[in-house]
Amino acid sequence: MTRVVVTVMPRAGVLDPQGQAVQGALGRLGFEGVRDVRIGKRIELDLEGEEPERRAHEMCDRLLANALIEDYRIELGS
Amino acid sequence: MTASEAPLVTVVRFPGSLDHESAARAVAALGARVTLHGHAEERLPAGTRAVVLPGGFSYGDHLRCGAIASRAPVMSAVRRFAEAGGRVLGICNGFQVLCEAGLLPGVLRPNAALSFVCRQAALEVADPDTPWTQGLGRGATLSIPIKHHEGAWLGDPGSARVVLRYRGENPNGSVDRVAGVANAEGTVLGLMPHPEEASDPLLGSTDGRHLLRALVAA
């Protein structure tokens, strides 16, 4: 079994209203210097079988991320 | 028109679809036979003349709006139907599903103001040469309600076939005020406004019938 962690983030330049709302709320709480907030997703996959990384890439391309608006990163282990 | 002559319009129902009943009612009022069809089916009903993907929150909007529905078994059949030239109308969540399926360009993002919008919208016909808009002049106005949280279309309006734009204030921050786009052939239309909710005088507008009529005339 391999733990695969997929991180999906809005692409640079894509408006992230969630991040902007959180940025505004942090400012209202008095936190200074919050230049930007981007909100994405962390997806944990426990995969059996061979080639977990290649299969995770295929899962990202076919479902987990939308390449028009999102980038993803794959990490293996632990 | 007798029942057997009436065209069969298939309304697909995903888990979490909400507006299939109102879409079915509006299309039936135009003279169609309507059947509700499950997401797990691998074929469309024999004799289907047009398909509607209704509004709602398919699969709870999990992952991304429309993403999981776009990979449901029935979508393979909808794709074959669309690629053969069949007319497909995606309303609201159905529009999101069609974009996620790659049958329409672009993607729907959360409204720029992060708030749910629910109100009557004035739409401008940007392309009168589709089956959905024929008979309406370029620039004609339709009054049709919107109700969505993730309706900001993001794509390239230069290469997409933009059929409808919001007139005046943009309610969701979509690129170029886009409210609805079609495939290159014009046979597949997706839009955030709800024509089925503007299909009876009791609802305050019947402008939605203009668009829905293409399903029945198919």
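Biologist: Where is the place of Phe57(B) in chain B?
Modeller: This is a predicted model. Strand S3 of chain B covers 48–53, and helix H2 covers 73–83. Phe57(B) sits in the loop between strand S3 and helix H2 of chain B.

Biologist: Is Phe57(B) buried, partly exposed or exposed?
Modeller: Buried means under 20% relative accessible area, and exposed means over 50%. Phe57(B) has 40% relative accessibility, so Phe57(B) counts as partly exposed.

Biologist: Which residues form a nonpolar patch on the surface, and with about how much accessible area together?
Modeller: Phe57(B) is one of the members. Leu18(B) and Phe116(B) complete the patch. Together, Leu18(B), Phe57(B) and Phe116(B) have an accessible area of about 310 Å².

Biologist: What order do the strands of the open sheet in chain A have?
Modeller: The sheet has 3 strands with antiparallel pairing. Strand S2 (41–47) and strand S3 (70–76) of chain A are the edge strands, each pairing on one side only. From one strand to the next, the twist averages 20°. The order is S2-S1-S3.

Biologist: Over how many bridges do S1(A) and S2(A) pair?
Modeller: S1(A) spans residues 2–10 and pairs with S2(A) in the antiparallel sense. Within this part of the sheet, Thr2(A) stands opposite Leu47(A) in S2(A). The pairing of S1(A) and S2(A) runs over 7 bridges.

Biologist: At about what angle does helix H2 of chain A run to S3(A)?
Modeller: H2(A) is made of residues 52–64. The helix lies across S1, S2 and S3 of chain A. Its angle to S3(A) is about 160°.

Biologist: Where is Glu51(A) found, and what is its phi near?
Modeller: Glu51(A) is in the loop between S2 and H2 of chain A. At 45% relative accessibility, Glu51(A) counts as partly exposed. Its phi is positive, though the residue is other than glycine. The value is near 50°.

Biologist: What is the phi of Asp61(B) near?
Modeller: Asp61(B) has its place in the loop between S3 and H2 of chain B. With a relative accessible area of 22%, Asp61(B) is partly exposed. Its phi is positive in a residue other than glycine, near 60°.

Biologist: How many residues of helix H3 of chain B are buried?
Modeller: H3(B) spans residues 93–100 and is mostly covered. Its buried residues include Phe95(B), Val97(B), Leu98(B) and Cys99(B), as well as Asn93(B) and Glu100(B). Gly102(B), with a positive phi near 80°, follows H3(B). The buried count for H3(B) is 8 of 8.

Biologist: Why are Glu58(A) and Arg62(A) separated by about one helical turn?
Modeller: Glu58(A) and Arg62(A) form a salt bridge, with the closest N and O atoms 3.6 Å apart. Glu58(A) is partly exposed at 35% relative accessibility, whereas Arg62(A) is exposed at 57%. An α-helix has 3.6 residues a turn, so residues three or four places apart point the same way. Both residues lie in helix H2 of chain A, and the spacing that gives about one turn is 4 residues.

Biologist: Which residue of chain B meets Glu70(A) in a salt bridge?
Modeller: The N to O distance is 3.6 Å. Glu70(A) lies in strand S3 of chain A and its partner in the loop between S3 and H2 of chain B, so the pair joins two chains. The partner is Arg64(B).

Biologist: Which residue forms a salt bridge with Arg73(A)?
Modeller: Arg73(A) is partly exposed at 49% relative accessibility. The closest N and O atoms are 3.7 Å apart, and the partner is Glu75(A).

Biologist: Which residues do salt bridges that share partners join into one network?
Modeller: The structure holds 17 salt bridges over all chains. The network takes in residues of chains A and B. Its members are Lys41(A), Glu70(A), Arg64(B), Arg71(B) and Glu100(B).

Biologist: Is Asn111(B) buried or exposed, and what is its relative accessible area?
Modeller: Asn111(B) lies in the loop between strand S5 (107–109) and strand S6 (117–125) of chain B. Leaving aside neighbours within four places in sequence, its contacts include Pro17(A), Phe116(B), His148(B), His149(B) and Asn172(B). Asn111(B) is buried, with a relative accessible area of 0%.

Conventions: Residues are numbered from 1 along each chain as its sequence is written. Chains are lettered from A and ligands numbered from 1 in the order in which they are written. This is a predicted model: local features need pLDDT of at least 70, side-chain atom pairs count only at pLDDT 80 or more; totals for chains, interfaces and linings use all residues. Side-chain values use heavy atoms; hydrogens and water are left out. Patches are made of residues with over 30% relative accessible area and no salt bridge: like charges are joined within 9 Å, nonpolar side chains (Val, Leu, Ile, Met, Phe, Trp, Tyr) within 5 Å. Accessible areas come from the Shrake-Rupley method with a 1.4 Å probe; for residues, only the protein chains shown count as cover. A salt bridge is a side-chain nitrogen of Lys or Arg within 4 Å of a carboxyl oxygen of Asp or Glu. Buried means under 20% relative accessible area, exposed over 50%, partly exposed in between (1.4 Å probe, protein chains only). Two strands pair if DSSP finds at least two bridges between them. Axes are lines fitted to C-alpha atoms, for helices over the stretch in contact, and angles run from 0 to 180 degrees between N-to-C directions. Contact means heavy atoms within 4.5 Å.
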